Amino acid sequence: MSRGQAGLIMRDVGLCFGQATVLRGLNLALPARGCTMIMGANGAGKSKLLQLIHGLVAPSTGTVFWGDTPAVQATRRQAMVFQKPVLLRRSVAANIEFVLDARGQPRQQCQFWLDHVGLAHKARQPARLLSGGEAQRLALARALATQPEVLFLDEPTASLDPASVLAIEAIVRQAKDAGTRVIFVSHDIGQARRMADEVVFLASGEIAEHTPAGQFFNHPRSRAARHYLEGKIIA
């Protein structure tokens, strides 16, 4: 899979845990570029879908490929940022240097990424002392330092203040504009309107809609999506 050339293909995908079916009958094709927002009510299966696409879990049925590569074999060329930043108990700079070392990239790149996310002045500070927004910017810088072809974001701004949300969005937008494929789980409708090129909307473990963002927000086709955008509880 070379940058910007391979999209995602899911065919007849299901995911079960024991007797519980979490996702069923998923057929999905995503283009090689842009930002896809995965949306849906709590329990719809958004995070599990993200894990399937990223190859962190294997489907119970069906297949998931990035181009000609099974998703479970494509993870090294991808990166994920979670809702709660997972940081090493080291300095801010050492968190980035760790992934640079792991990928065989020069440590000198660390300064670029610190500058890129506005944390150069905190390079030698313990990462545990960062604020929530700063910690998430560090997690994002560490992910981007691996030069991923695909960046997965699982509600990375859910608990952040508005200024931090916009800062994270700006970094993600720059990555997308530079050619990184972005797949983003969010409950924030305003954020989705700002960021998404297309929306995959899940309801009860199934894909209810997969449409361009403008169409989804202005003319949702499914009852579940209409209720979701109106703030109603989806039965």
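These legends accompany close-up views of a predicted model.

The model is predicted, so local features need pLDDT of at least 70 and side-chain atom pairs count only at pLDDT 80 or more, while totals for chains, interfaces and linings use all residues. Residues are numbered from 1 along each chain as its sequence is written, and side-chain values use heavy atoms, with hydrogens and water left out.

**View 1. An open sheet of four strands.** Take the strands in the order S2-S1-S4-S5, with antiparallel pairing. Strands (E, at least two residues) and helices (H or I, at least four) are DSSP runs numbered from the N terminus, and two strands pair if DSSP finds at least two bridges between them. Strands S2 (20-30) and S5 (69-70) are at the edges with a single partner strand each, so one side of each has no neighbour in the sheet.

**View 2. Where S4 meets S5.** Strand S4 (residues 61-66) and S5 run antiparallel, joined by two bridges. Look for Phe65, which stands opposite Pro70 in S5.

**View 3. Gln51 in helix H1.** Here Gln51 sits in helix H1. Gln51 is buried, at a relative accessible area of 19%; buried means under 20%, exposed over 50% and partly exposed in between (1.4 Å probe, protein chains only). Setting aside neighbours within four places in sequence, Gln51 contacts Leu56 and Val57 (heavy atoms within 4.5 Å).

**View 4. Confidence along the chain.** The mean pLDDT, the predictor's confidence in each residue from 0 to 100, is 93 for the chain, and 97% of the residues score at least 70. Over residues 1-5, pLDDT stays under 50. Where pLDDT is low, the predicted coordinates should not be read in detail.
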